[in-house]
Amino acid sequence: MATLYVSPHPDDFRSVLALIAAEFGLSSRPKIVTEDPPASLNARSRPTLVLGTGEGCSVLSGTSAVSWYLAFQGKRAGIDLKQQSQVWQWLSFADNELIPVSCAVVFPLMGSSHAELMRVLKVLDQALEPRTFLVGESITLADMAVATAVLLPFKYALEPSNREALTNVTRWFTTCINQPQFMKVLGIMHILMFLPAGPPKTEAQLRKEAKKKEKMEKFQQKKEMEAKKKTQPVKEVSILNFYVVSPLPDSYSPQYVEAAWYSWWEKQGFFKPEYGRKSISEPNPRGIFMMCIPPPNVTGSLHLGHALTNAIQDSLTRWHRMRGETSLWNPGCDHAGIATQVVVEKKLMRERGMSRHELGRENFIQEVWKWKNEKGDRIYHQLKKLGSSLDWDRACFTMDPKLSYAVQEAFIRMHDEGVIYRSKRLVNWSCTLNSAISDIEVDKKELTGRTLLPVPGYKDKVEFGVLVSFAYKVDGSDEEVIVATTRIETMLGDTAVAVHPADPRYQHLKGKTVLHPFCDRKMPVVFDDFVDMNFGTGAVKITPAHDHNDYEVGERHNLTFINILDENGLLVNVPPPFLGMKRFEARKSVLQALKDRGLFKEIKDNPMVVPVCSRSKDIVEPLLKPQWYVNCTDMGKQAADAVRDGSLKIIPDHHLKTWFNWMDNIRWDWCISRQLWWGHRIPAYFVTVSDPSVKPGEDMDGHYWVSGRSEEEAREKAAERFNVSVDKITLRQDEDVLDTWFSSGIFPFSIFGWPNEDLNVFYPGTLLETGHDILFFWVARMVMMGLKLTGKLPFKEVYLHAVVRDAHGRKMSKSLGNVIDPLDVITGISLEGLHAQLMDGNLDPLEAEKAKQGQKSDYPNGIPECGTDALRFALCAYTSQGRDINLDVNRILGYRHFCNKLWNAVKFAMKTLGDNFVPSEKAQLSGEESVSDRWILSRLSAAVGLCDAGFKAYDFPGITTAVYNFWLYELCDVYLEDGTSQRQALVCRQTLYTCLEVGLRLLSPLMPFVTEELYQRLPRRQPQRDPPSICVTSYPDTEEFCWHSEEVDRDMEFIMSVVKTIRSLRADYNLTKTRADCYLQCIDSATASLVQKYSLQIQTLSYSQAVIPLIANQPVPEGCAVAIASDRCTVNLMLKGLIDVEKEVAKLMTKKGDLEKQMEKLRENMAKSDYKEKVPVKVQEQDAEKVGGDKLTEWFLRL
C-alpha cells in the first residue's frame, strides 16, 4: 500500500493538490500521514509518496511528481499525448505564474501587487472563456493544480468586485471546488465576502489590510473549529450569484451545471413543506402531497434500482410542489439489521480479531452505533447527487428514539390483542448468521444440473444439482420403496414415506411401515394428495422438521417432527457416526453408508433452485424454531377489501392479481423474530413463577410470555395473569430482535411521532412509490399495520415501477458484471475503473473473470459521463407500465446530447432576444402572431396538456416524449430554424421567450439541474414577485396555455411534409449549398392558398430559392426533379443548370434496375406454396406493402 506524507496545514496548497489528486485515483487511496517522511527516505519535502514497503520501495517527492503519478493512476493526466502536454503547460503556469503572485498578495511581505495577480488571472479568464475545464471535457490535473494555486486568493484576497471581473475563472473555480473529490479534501470553501467601499486603496493600505485579514482569518478559523459551525447560507448564495452572471460556456457540461445548485436549493428551504407558508397546519386550497421514501439500508450504496425509484419520486414531488401543493417527501434510513450486523462483525474481526460474542452484546451495539455515525449517511450524500428534493430536516432513522418507541408500542398493542403470538414452526435459517431470515433475503440460485458451490465454513465446494435415489425396506417383507432427494443428509430426519392415494402401485402398503436403515425407527407409509405420482417412483420421503411441504404433510398425518440440525448446522438427534457432523460433510457420509448397505440406487443431474442467504452466502436451511409471528389472516382480508372498494388504488392494475392472490390466500403468518443483536429488541418477557400452584411453562407456550414498555410493566402484567404477587415473578427478556420489515411496516406513521403526536397533517400520505418486487414484503405490510394500528390506510395510491435489467434483459448481478453504480453513469468511469470495483467485491476469481468479460463486452470504452439530468430523464423515459426495464447506457448518453441541444438552443435564443429584452408580465396572445408563432404556441400548449395528463396518470414515457419532441423536433428543428424577416419583431421575441420559459418549467421536474441553470439566465416577467428558483415556480397548466389549435397543427404538418420532401430531393441530388426554385403542384386552389400562406416558411426551412404554388392544370417547367409530398401536393425541384442530367438519369436507371430485381425476387418468394405457412403474418404484411407500394412509380416520376 502507498503512503502519502502531507502537511496538516489546510492552506498548504501543495499538499492539498496531492490529496485531491489521490481522491481521483481509481484504485485504493494511499495511507495519509501528516508528519515529515522518515529521514531514511531522503525525501526533500512534503508531499512525498512512498510506493511499497521496505528496501524495495520507490519514493516520489515534490508536488509535480506526486500529483502527476496520482492523477495518471486515476486517468486524470490527459487521454492522449496532446492532452498530457497541455496538462504539463498548465502545471508550469501554476508553478511559475500563479503561485508566486498568489502567495505574494496573501502574504504582503513577499512584495507583489494586487494588480499583478489580476493580470495573471485575466490570462486564465480568457483561456476559460470557451471552455468548461482547462483540458478536455472533464477535470484533469491541470484544473486541480491551477485551482489549488488560486485557493489562497479566493479565500483571502479576491473581493466580490474582483470576482465580477473574472466571471469565467469564478465559474470554473466554483465548479471545481464543488466536485466531491475537492469537497472531501477542502470541505465547504470560505470565500472572502466583505464588500469594498470608498475610493481605491493605496498599495500600503492593501498590504496593511491583507495582514489584518490574515490575522482575522486565523482567529475566525479557530472560532469555527471550536463551535463547529457551518458556512452561512449568504455565502453560498453569493457564490451562486457569481455563478449565474458568468456567460454560458459554449457547450453543456454536467459537472459544471450540477456543481452548486443542490446546496443552494437546500439552504433556501425549497424542499420543505413550510416554504412560502406561515404554517403547514393552515389549509392549502391546492391540497397536500405527502410521500415517504422507501428507506434504503444504512449499509447501502446506490444502484440503478435506487436511481429509478428516486428519479420517479423526485419528479412527482417536484411536480406537486410546482403545482402549489404543500409537498413533503420524507427521507429516512433503515437500520438493516442483518446487513449492518454482518458489516460490523467483519470489521471487528478484521481490525481487532474479535467476534461479537467475545465483545458482548452492549459493547457490540455501541460499535454498531459508532459505525453508523461515521459511515451511515453515505447513502444520503448519494441521494443528494441524484437531485432528490427531500426535506432533510425530517430525516428519520428506524433506530431513532421516536421510531423505536413506535415499534415497541406496535408490538405491545398487537401482542396484547393476540395478533402477535409465539409458535414453533419452520423458518429460513442461516447457519452462518445464526438467525432466521425473511424470504426477500433468500436468493434463488438456479442450477441446470450438477454444480459445485462454495459454502461458508467449508474448505471444499459442495455438490448440488443432483438427485439421489435410495430404498427403504418395507417392514416384514423383502419389498422396498425407492425414494429420491436432493438433500440426502435429511433422510436422517425422515419419519414417513408418502404416496398418492390413487396410485395403484402402493395400495397394498396401506397400514404398512418402512424401516430406517440407521436407527430403530419404523416410518408409516402415508397417502397424501400432494404427491405427484408421475414424478420418479411416485414415492416421497417425508422430513417434517426440514422441508416446508413435508411440514404440512406432517401436520396433516400427525407425524413425528425430528430436528436433526442445530443453529450452527451440526447434526443432532441422529445416531453415530453422524452425530456432531457438519451438515454437508454428513451428506457424503450418508451417501457412502447407503452404498455400504446396498440401499443406494442411482445419482443423476437434476435442475433445481438452491436457496442462498443474500447476506452470508450460506445455504439456507428450513429449521424448526420457536419464534414470534403476526397473524395476517384478518389484516390481509382488510388490505384486500381496501383495494376492492377503491379506498386504495394500485397502479398499474396488472399487479392486482398478485395483490389479491397474496391477501386472499395468506397461508403462512409472518415470522418477525431475528436472532440478532442489532435491531429493536423484542419487548417480550418469559415468565417464571415461584409458586407451586403454577406449573412451569415452556418457551413455545405463549401463555408464559408477556410484553411491556418496561420490565416493571411486564412484571405487573404477569402477576395479574397468574394471580400471584409481583415478588414471585421472574422475567427473562427475549434475546431476539424484530424483523427489519416490522419497523418498515409502520414507517409511514412512526416518522410523525405515532402514537404520541397528531397525525392529521401528513397522515395518511398521498402516494407510495416503489418497485413491484417488494409489493408483499413492504407495501402489503404497511397497509395491514396502518389499518390495524391507526384505523387508516397509510396512503391512497401505490405506484409500482418496473425492475431494472441490463440491455440484454438479464437481471443485475455482480457475477455478471452488469451492476452499475448510478454515480458512475453520472460522472463517467473507465473500463479499468469498472474492473477495479469488481476487485473490491467478494467474487471468487472465476466469477470475477466472467464479470470482467461481461463489462468488456458491454462497456469496451467504459461508461461516458452522462450527468444526473440525462440519467433521470432516461430512467423516466424507460418506465413504461411493464415489469422490466432493459437499460442501455448508450441511450442515457443520447439524453446527455439532448441536454447539449437544450443548452445550445437557449444560448442561441438569448442572443436573438438581446440584452435589453423585457418579457411581458403575462404569457398571452397579442393577436399579431405570425403563422409560425401560432403554430409553436399551439405545440407548446399541446405539450403542456400531455405533460399534465402524463403526471396525473404516472405515464412517464408520455411526459418525456412530449417535452423531448417539443424541444427537439418543434422548437429547435422548426421554429428556431425559421429565420424569417419577422424574427426581430417584438411579438416573435415574446413568443420565443414564452417557449423557452414554459419549456424549461415543463422539463424541470425531470431535469432539475440544467433547467435551473438555464432558467436563471432568462429575464423574469415580474422580477420583484417571481419565485427565486424554477423548482418553486408554477408548473404550466392547460388553463393558462390554452392555445392548442388542431387546424394550425394540421396545416403545419402538411407544410412540414412538403419541406421534408424538398430536403430529401436536395439530398438525392447533393444540393448542399445551392438554392433551387421549387414548384409545388397542388390538387386544388385551397391547397395552393395554404402553400402561398406558408411560402416563406417553406422557403426558409427547405433552403429554396423561390417557392411557386401551381394549380393542377398549370404546366411545370422542364428540367425538374419530381417527388410526391402528399395526395394533395407534388414537389417539382428545378435542377436545370444545376446538375449533370445525363449522369443523374444513369444513376436513377441503375437504381430502378436494382429495385425491379428486388421486386421480382420478392414476388417469387411470395408465390411459393409454403410462403403463407412459414413466413410470419407481420412479414407477409410488410412484403405486400412493398410490392403494392409506390417505389417504382416514384422512380418513373423522377425520370
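Guide: Let us begin with Val630, whose bridge partner in strand β24 is Trp670. Please bear in mind that the model is predicted. Val630 lies in strand β22, which covers residues 621–630. Strands β22 and β24 are joined by two bridges and pair in the antiparallel sense.

This pair of strands belongs to an open sheet of four strands, arranged in the order β10-β9-β22-β24. The pairing in this sheet is antiparallel. Strand β24, formed by residues 670–671, is an edge strand and pairs on one side only. The other edge strand is β10, at residues 435–437, and it likewise pairs on one side only.

For comparison, one may turn to another open sheet of four strands, with the order β2-β1-β3-β4. The edge strands are β2, at residues 31–33, and β4, at residues 58–61, each pairing on one side only. From one strand to the next, the twist averages 20°.

Within this second sheet, strand β1 (residues 3–5) and strand β3 (residues 48–51) run antiparallel and are joined by three bridges. A residue pair can be named here as well: Leu4 has Leu49 in β3 as its bridge partner.

Technical notes:
Residues are numbered from 1 along each chain as its sequence is written. This is a predicted model: local features need pLDDT of at least 70, side-chain atom pairs count only at pLDDT 80 or more; totals for chains, interfaces and linings use all residues. Side-chain values use heavy atoms; hydrogens and water are left out. Two strands pair if DSSP finds at least two bridges between them. Axes are lines fitted to C-alpha atoms, for helices over the stretch in contact, and angles run from 0 to 180 degrees between N-to-C directions.
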